[in-house]
Amino acid sequence: MSDHDRGTSPARGDAVRDLLAEDSDAGLRMFLAGLNTQETADLLETLSNDERERIFPLLDPQLQASVLREVEGEPARESLISAMRDAELADLVERVASDDATDIVESIPEERRERVLDGVQ
């Protein structure tokens, strides 16, 4: 894949969809490793919920927190959070700086927030 294919969000989305179709988690990880946090967030916003939910777990937990913070579209952020188990969210909140943790916790639906916070050590 050329650097040009990584260029724009539509081109990135097409490249990711190709890798998803190939069922290539290793290829997806390599592709995502070439993106910065904002580029990853922008990419996730262009994908469908199913595509987002397949890609997001491939990111390192620390990067997940940073990307969640950068995702501007509320529907995209909500779909990422809803796809995570309470324990995964608690782990994510535990691993990140307090300002990132606050942003993440505020994005969790109120009915889940207490369960997630109960899981934080």
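Contact here means heavy atoms within 4.5 Å. The model shown is predicted.

View 1. Helix α5 spans residues 61–70 and helix α8 spans residues 98–107. Their axes come within 10 Å and cross at roughly 60 degrees. The crossing of the two helices is left-handed.

**View 2. Residues of α5 meet residues of α8.** From α5, the contact takes in Ala65, Leu68 and Arg69. From α8 come Asp99, Asp100, Asp103 and Ile104. By class, this contact of α5 with α8 has 3 nonpolar and 4 charged residues, with no polar ones.

**View 3. The buried residues of α5 line one face of the helix.** These residues are Gln64, Ala65, Val67 and Leu68. Seen down the axis of α5, they fall within an arc of 170 degrees, so they line one face. Their cover includes α3 (37–46), α6 (74–83), α7 (86–95) and α8. Ala65 and Leu68, both buried, are also among the α5 residues that meet α8.

**View 4. Thr40 is a buried residue of helix α3.** Its relative accessible area is 1%; the cut-off for buried is under 20%. Leaving aside neighbours within four places in sequence, Thr40 is in contact with Leu32, Leu35, Leu59 and Val67. Val67 is one of the buried residues of α5, and α3 is among the helices that cover them.

Technical notes: Residues are numbered from 1 along each chain as its sequence is written. This is a predicted model: local features need pLDDT of at least 70, side-chain atom pairs count only at pLDDT 80 or more; totals for chains, interfaces and linings use all residues. Side-chain values use heavy atoms; hydrogens and water are left out. Axes are lines fitted to C-alpha atoms, for helices over the stretch in contact, and angles run from 0 to 180 degrees between N-to-C directions. Helices (H or I, at least four residues) and strands (E, at least two) are DSSP runs, numbered from the N terminus. A crossing is left-handed if the near helix is turned anticlockwise from the far one by less than a right angle, and right-handed if clockwise. Ala, Val, Leu, Ile, Met, Phe, Trp, Tyr, Cys and Pro count as nonpolar, Asp, Glu, Lys and Arg as charged, and the others, Gly among them, as polar. Buried means under 20% relative accessible area, exposed over 50%, partly exposed in between (1.4 Å probe, protein chains only). The arc is that of the directions from the helix axis to the C-beta atoms.
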